[in-house]
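Please find below my note on this model, arranged as numbered points for discussion. I have kept to what can be computed from the coordinates.

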Amino acid sequence: MQEAEFIIAGGGSAGCVPACLPSDESAVSVLLQEAGERDKSVLFHWQAGFARMTKGIASRGWSTVPQRQMKGRSLWFTRARLIGVGSSMNAQSCARGNRRHHDAWAEECGCKGWSRRGILPCFRRAEADERLADDLHGSDGQPGVSMPRATLPICDAFMGAGQEWGMPYNPDFNDRAQAAVGCCRLTQRCVRRSPTVVAYLRGAETRPNLTVKKGAQVRRIVVKRGRAVGIGMTDSTVHRARHEAILAAGAAGSLRFLLLSGIGPADHLRDAGVTVKHDLPGAGENLQDHIDVCVLGACTGPHSCDGVQRLNRNARTALQYLMLRSGPVAASLFETGGFWHAGPVAAWPDMQSHLGQGSRIKRGIASIDGWGITPDSACMRPRSRGTVRSAFSDPGAAPLINPDCKAEPHDCEMSLRGLEMASEILAQPALKPFLRFRGPPGRHAKDPAAPFDQPRKMAQADHHPVGTCRMGADEMAVVDPQLRFSTVKGLRVCDASIMPGINSSDTHAPTIIIGKKANDLIRGVQPIPAANLPGDQNARRRAVT
């Protein structure tokens, strides 16, 4: 049996942060358990490796249950099997989302200290921005943050087309005017990925009071007399947590550990054959994710990254990256896009779009003969809510993940409006020299169900699952604003599962600051006063017909 003051189950975007920061105090020992292995392949460190990762390489291969609004399709649910987890294989977006969403956590959900003003210092300390250093941006934190270095000419044309359509240009979506088109800042340093495992954990692993166990299969949380006292492994060993056990395995993973430990909705646990230890009705509820729909654009020539997979071009582009830090390998492939209003009464942006610099980037997306692009869109404030449940008491079985995507008619309508917006932007003069064909959304088909038929054939989860261990002050909340359980002492959750509502952007950066905030809470550090936020400068909404 191994002992430590803190044991952390999960070494992903959030878990790596508290793993190394408390261990800078010599008296505090930390044990980090991660089922994934070392990130040895260069694909985990090169930006364009993202395209290979989401297709199944380094993923556990989980899928959702069949989705009723997707004609029974099961959506791929990427779950990384390497240290760093999502931050080691995502598109590196460093978008924070709209401040009003974070303010709603504090004002509507009773999560004191989690407003944008309250967590802004965490955002600043979670950045080593290469260009910006002010009240809103940090330059001496971790991980590295920079602007894209390898956008293609078609990316500039896309931003020009967005402006022709009616969107202003904005070089910074974070805490400035969000409703705009532009390039997203990326978590990279020196044209190389800067995941949390590199930014936080790599340098700290030499400390004698930090132990990182890779390939460690967690089985359950050990609870005695209402207190979490350790983590049980699949080989029946138990590691004792003298102070706290911390779950940081994501919206599906952390919930899975709770259910296997007998902590969750009592009726469900009995049905799954698990002995009930603590009845927690809200555990596994409130699952949310962004669902991505796209149109396809066929290029007039080699204007995208399609074709790089050919062996001769693959070797050439790899050499270009190694020698010059440029070329397709240096691209995150989704760094261009924007935020806009799709709903007729949306007070702040409710739609995010990206320009995929290829037609085969994501799993399940159709390919194009030649070169193509994949403009996509996702509703940032979906109303659909799903669940994560346990299939069996077998720790090796995947959980039953049901986002129930597009269950709400509002979400389907927003998806169609997003497709219309993407299609209209592709039709603008700035993109005319680059495109020979664009896929129509089919909005005006005679069959009312037809417009969404083609989009849902290629709809994909954006890999932004949140909410299953939601924090709050009501009876259905799983953890309080300190990320602690009311029924189990010595246990916290530190990952995106604690979000009351899904963030209105990619969730990578907000998940990192959850780790930062958790570290402050664990150490009892008083919140750093935030600077005044600038006024709301969102552009006036353009009506979409």
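1. Basis of the note. This is a predicted model, in which local features need pLDDT of at least 70 and side-chain atom pairs count only at pLDDT 80 or more, whereas totals for chains, interfaces and linings use all residues. Residues are numbered from 1 along each chain as its sequence is written, and side-chain values use heavy atoms, with hydrogens and water left out.

2. Overall make-up. The protein chain has 12 helices and 21 strands, these being DSSP runs numbered from the N terminus (helices: H or I, at least four residues; strands: E, at least two). Of its 545 residues, 62% count as buried, where buried means under 20% relative accessible area, exposed over 50%, and partly exposed in between (1.4 Å probe, protein chains only). The accessible surface of the protein chain is about 20600 Å², with 51% belonging to carbon and sulfur atoms; the areas come from the Shrake-Rupley method with a 1.4 Å probe, and for residues only the protein chains shown count as cover. Among contacts (heavy atoms within 4.5 Å) between residues at least 6 apart in sequence, 71% join residues at least 24 apart.

3. Aromatic pairs. Rings of Phe, Tyr and Trp (its six-membered ring) pair if their centres lie within 6.5 Å, and planes under 30 degrees apart count as stacked, over 60 as edge-to-face and the rest as tilted; by this rule there are 3 aromatic pairs. One of them joins Trp165 and Trp340, whose ring centres are 6.2 Å apart with planes at 75°, so this pair is edge-to-face. It links Trp165 in helix α5 (residues 153–165) with Trp340 in strand β14 (residues 336–340), 175 residues apart. Trp165 is buried at a relative accessible area of 4%, and Trp340 is buried at 1%.

4. A Phe pair that also involves β14. The ring centres of Phe173 and Phe339 lie 5.1 Å apart with planes at 80°, so the pair is edge-to-face. Phe173 is in the loop between α5 and β5 (180–183), while Phe339 is in strand β14, 166 residues apart; both Phe173 and Phe339 are buried.

5. Charges over rings. Here a charge sits over a ring if NZ of Lys or CZ of Arg is within 6 Å of the ring centre and within 35 degrees of the ring normal. Arg381 lies over the face of Trp348 at 3.8 Å from the ring centre, and the charged end of Lys517 sits over the ring of Trp114, 5.7 Å from its centre.

6. Gly12, in the loop between β1 (3–9) and α1 (16–20), is buried at 6% relative accessibility. Its C-alpha atom is separated by 7.0 Å from that of Ala249, 237 residues apart along the chain. Leaving out residues up to four places away in sequence, Gly12 touches Glu34, Gly84, Val85, Thr196 and Ala248.

7. Backbone details to inspect. Most residues other than glycine have a negative phi, and most peptide bonds are trans. A cis peptide bond joins Gln142 and Pro143, with omega about -5°. Cys190, not a glycine, has a positive phi of about 55° and is exposed, with a relative accessible area of 60%. His463 has a positive phi near 60° and is partly exposed at 28% relative accessibility.
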